[in-house]
Amino acid sequence: MIDNRDALQKAAEQAKQEIASYDCRILVCSGTGCIATGSQKIYDEFMKIAGDTPGIVIDFKPHDEGKHVGVKKTGCQGVCELGPLVRIQKGDKTVQYTKVQISDCQEIFDRSVIGKDIVERLLYKQKGVSYKSPEEIPFIAKQTRLVLENCGKFDAESFDEYLAGGGFTAFQKALFDMTPDEVVDAVDKSGLRGRGGGGFPAGRKWKQVARQPEKERYVVCNGDEGDPGAFMDGSVMEGDPYKLIEGMMIAGYAVGSANGYIYVRAEYPMSVARLRHAIKELEDRNMLGDNILGTEFSFHMHINRGAGAFVCGEGSALTASIEGNRGMPRVKPPRTVEKGLWAKPTVLNNVETYANVPKIILNGPDWYRSIGTEGTPGTKTFSLTGSIENTGLIEVPMGTTLREIIFDIGGGLKDGGTFKAVQIGGPSGGCLTEEHLDVPLDFESIKKYGAIVGSGGLVVMDDHTCMVEVARFFMSFTQRESCGKCVPCREGTKRMLEILEKIVNGNGELEDLDKLEELATMVKSMALCGLGKSAPLPVLSTLRYFKDEYIEHITDKKCKAKVCSAMRRFVINPEYCKGCGKCAKNCPVGAITGVRKECYHIDPNICIKCEACMDGCAFDAIYVES
Amino acid sequence: MLDQTFYQKADEIIAFYGKKPASLIPIMQDIQGVYRYLPGELLTYVAAQIGITEAKAYSVATFYENFSFEPKGKYIIKVCDGTACHVRKSAPILEAFQKELGLSAKKHTTDDMMFTVETVSCLGACGLAPTVMVNEDVHPKMTPEKVLELISELRGENK
């Protein structure tokens with residue numbers, strides 16, 4: 001039971017001692033990515049080995065003689081592609097292992113946990129160099145981890161570990177040493193801007209809510225990270241749920257709210273589970289509920305699960321969904337700060353925004369302003385995916401260039417491919433090209449080029465990606481997810497999708513491009529909500545930077561990237577063809593003819609491009625000509 | 001007519017979330033969690049219990065993609081077609097599932113009620129694209145060959 005400041009400080013002190021008492025900590029990454037590659041089994045195996053080894057103590061007891069080893073499930077350690085990831089930490093020395101299999105566990109335990117050896121073959125390697133500690137790995141060394149500081153270091157399911165890492169010191173400071181107005185002021189002065197995409201100053205929002213005459217107020221967290229290709233917020237919720245909750249508690253204190261809601265996407269079951277666990281633990285210890293730490297401040301946390309509607313990432317749709325309604329945006333004003341959840345003043349920020357708050361309170365606004373750019377202080381998390389060497393979760397100061405992110409941190413294109421474009425900001429964002437690689441990323445700078453930082457999904461594309469197809473892909477997503485309330489978005493996205501489909505199917509006409517641009521501009525200016533307004537951005541930005549590709553699809557019926565199946569021509573290479581006739585047998589439409597033991601021939605007019613011939617050929621004799 | 005146990009289960013779930021309009025979505029989620037679909041009669045019952053009209057309950061249920069009035073299979077397979085998975089070729093993964101299980105864009109569930117195949121916009125494991133989620137487990141770096149392995153593994157669990 002923690003019911004006053006003293007008790008909290010004592011609990012933190014004890015938690016710190018307990019952590020310091022470990023001779024060795026085995027940190028098993030338990031982010032969604034590593035769980036998918038089997039890290040739960042690795043965790044179980046280490047628990048079993050540690051439990052079976054004489055002289056090893058897993059549960060801490062003071063004055064115990066044995067060697068104290070902790071096996072912990074941490075948040076995302078970053079390099080998801082090389083999972084399952086395991087770190088062996090002894091004091092301030094940590095070794096990072098990658099692609100750990102169950103059969104490796106005993107060896108790691110014997111050599112690295114008990115012994116002082118390193119299992120060389122499991123180390124992270126890049127361009128022939130092996131790296132021991134995670135801090136040395138270029139992918140991690142070039143990052144600035146504030147929001148993600150605890151991910152990979154502490155148990156994501158333990159309040160005590162969060163305390164040991166300095167958790168809740170910011171909340172304490174706010175609650176006991178600052179007035180609510182001072183907290184709002186600190187956030188305002190820090191220049192923290194909403195990380196959900198819009199970049200609206202968080203402090204201004206808080207200030208507006210704090211001065212509403214209505215006293216019943218709400219703090220809502222948008223964890224409906226719907227952008228395909230983005231998983232930063234999910235990683236924070238599952239990797240450091242306490243930090244998010246602490247941020248929301250500080251917001252609750254600052255604006256005088258007693259209730260916080262987190263709206264989590266349905267596709268993140270692990271985030272829901274970890275948040276529920278954290279809330280339960282905090283409630284059990286009186287850190288959530290009535291009269292927290294013996295003060296007047298009461299705060300209750302609630303979790304709402306999304307139900308598969310992308311539009312619920314929009315503020316007014318999200319609050320409608322919490323209220324039990326269809327998640328449709330409404331006309332603004334009144335804005336959420338005046339009439340949000342249940343028509344009461346509401347602070348609505350996303351996960352990353354709240355997760356930034358504790359550090360700002362603790363270290364002050366000036367410290368925060370020293371990171372990032374003048375207009376957008378602080379860091380930004382990005383999920384780095386697509387055709388890139390190191391995929392994963394990163395955090396860098398605002399103002400970092402795409403070149404640094406893609407080439408220094410991401411290690412360049414996968415398999416030495418050629419960079420073509422990077423899609424930023426998800427379906428509401430745009431594509432940037434080679435010429436934009438040196439633009440410092442912040443909310444203002446890239447708007448000029450028709451893209452947005454958005455929530456932070458970065459999908460890198462190489463020259464095997466067809467930009468027209470990418471535009472069609474995003475449009476089919478937004479068209480499907482359009483809630484249907486306003487005409488420009490409902491009809492506009494549908495018509496744009498039809499045009500794009502016509503082009504990728506090889507039936508495009510040149511005037512389609514003008515129509516497409518006209519529609520896109522119209523939807524952008526007329527749609528009701530932010531999602532509708534930004535839906536045409538992928539089309540507009542590909543039209544701006546890759547118009548030649550559109551034209552090629554229309555006039556030459558050619559797809560350079562060999563992606564658009566309607567434009568692919570399947571050909572049999574006479575050098576490899578043995579004339580076995582298997583392809584002719586496999587062809588569902590009888591497009592392949594020939595004589596046994598001689599080279600067969602595909603009739604392009606009959607071919608439906610199903611690839612059955614190619615898949616079945618034992619001699620790799622069939623290739624795509626474009 | 002639904003079996004009486006359905007109503008008992010619904011009552012338990014309603015009691016947990018409270019008889020108020022705002023409980024509609026979590027109640028429907030839990031009912032679907034138990035039965036793998038949302039029986040229409042039960043939704044009518046829930047609406048009356050929490051004090052909203054039947055029309056309202058249906059309007060909400062049909063708005064969200066996750067709710068289904070059709071029974072789903074024991075294994076709900078969600079093939080991710082998010083951007084990262086899409087550029088790393090998720091389309092052949094979906095095709096492989098559909099082909100192997102005799103399903104299509106129109107028919108999502110096998111006749112033996114074992115498998116339902118759908119797409120999802122992002123599972124948040126983009127670093128391991130292309131991915132597939134079976135119930136709540138994410139399977140990384142899928143290939144059409146691994147699809148066949150996965151199906152036979154799941155079928156094996158039920159022998």
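Which strands of chain A does helix 4 lie across? Helix 4, residues 102–114, lies across strand 1, strand 3, strand 4 (86–90) and strand 5 of chain A. Against strand 4 of chain A, the helix runs at about 25 degrees. Bear in mind that this is a predicted model.

The strands in question belong to an open sheet of 5 strands in chain A, in the order 2-3-1-4-5 and with mixed pairing. Strand 2 (56–57) and strand 5 (93–97) of chain A are its edge strands, each pairing on one side only. Strand 1 (residues 24–29) and strand 3 (residues 67–74) of chain A run parallel and are joined by 6 bridges.

## A second open sheet in chain A

Further along chain A there's another open sheet, again mixed, with 5 strands in the order 13-12-16-14-15. Strand 13 (392–397) and strand 15 (430–433) of chain A sit at the edges, each with pairing on one side only. From one strand to the next, the twist averages 30 degrees.

Within this sheet, strand 12 (residues 379–386) and strand 16 (residues 457–462) of chain A run parallel, with 4 bridges joining them. A:Gly386 finds its bridge partner in strand 16 of chain A at A:Val460. Helix 16 (residues 402–409) of chain A lies across strand 12, strand 13, strand 14 (419–424), strand 15 and strand 16 of chain A. Relative to strand 13 of chain A, helix 16 runs at about 135 degrees.

Nonpolar side chains tend to be buried together in soluble globular proteins. Here the largest nonpolar core has 222 residues, and those with the most contacts inside it are A:Val86, A:Ile250, A:Ala251 and A:Val422. Helix 11 (residues 241–255) of chain A gives the most to this core, with 10 residues. Apart from it lies another core, of 12 residues, including A:Cys583, A:Cys587, A:Ile602 and A:Cys613.

Setting aside neighbours within four places in sequence, A:Val86 is in contact with A:Ile26, A:Leu27, A:Val28, A:Ile42, A:Tyr97, A:Val100 and A:Ile108.

## Chain A as a whole

Chain A has 24 helices and 20 strands. The C-alpha atoms fill a box of roughly 85 × 65 × 40 Å along the principal axes.

Buried residues account for 54% of the chain's 626 residues. Of the contacts in chain A between residues at least 6 apart in sequence, 71% join residues at least 24 apart.

## Over to chain B

In chain B, strand 1 (residues 75–80) runs parallel to strand 2 (residues 115–120), with 6 bridges joining them. B:Cys80 has B:Val120 as its bridge partner in strand 2 of chain B. Strand 1 of chain B also pairs with strand 3 (residues 132–134) of chain B, this time antiparallel over 3 bridges; there, B:Val79 is partnered by B:Val132.

Not counting residues up to four places away in sequence, B:Met142 touches B:Ile93, B:Pro130, B:Thr131, B:Val132 and B:Val147. The C-alpha atoms of B:Met142 and B:Val132 are separated by 7.2 Å, with the two residues 10 apart along the chain.

Note on methods:
Residues numbered from 1 in each chain as written. Chains lettered and ligands numbered in written order. Predicted model: local features only at pLDDT ≥ 70, side-chain atom pairs only at ≥ 80, totals over all residues. Pairing = 2+ DSSP bridges. Helix = DSSP H or I, 4+ residues; strand = E, 2+ residues; numbered from the N terminus. Contact = placed C-beta atoms within 7 Å. Axes fitted to C-alpha atoms, helices over the stretch in contact; angles between N-to-C directions. Core = buried A, V, L, I, M, F, W, Y, C linked by C-beta atoms within 7 Å. Buried ≥ 20, exposed ≤ 12 C-beta atoms within 10 Å, placed from the backbone.
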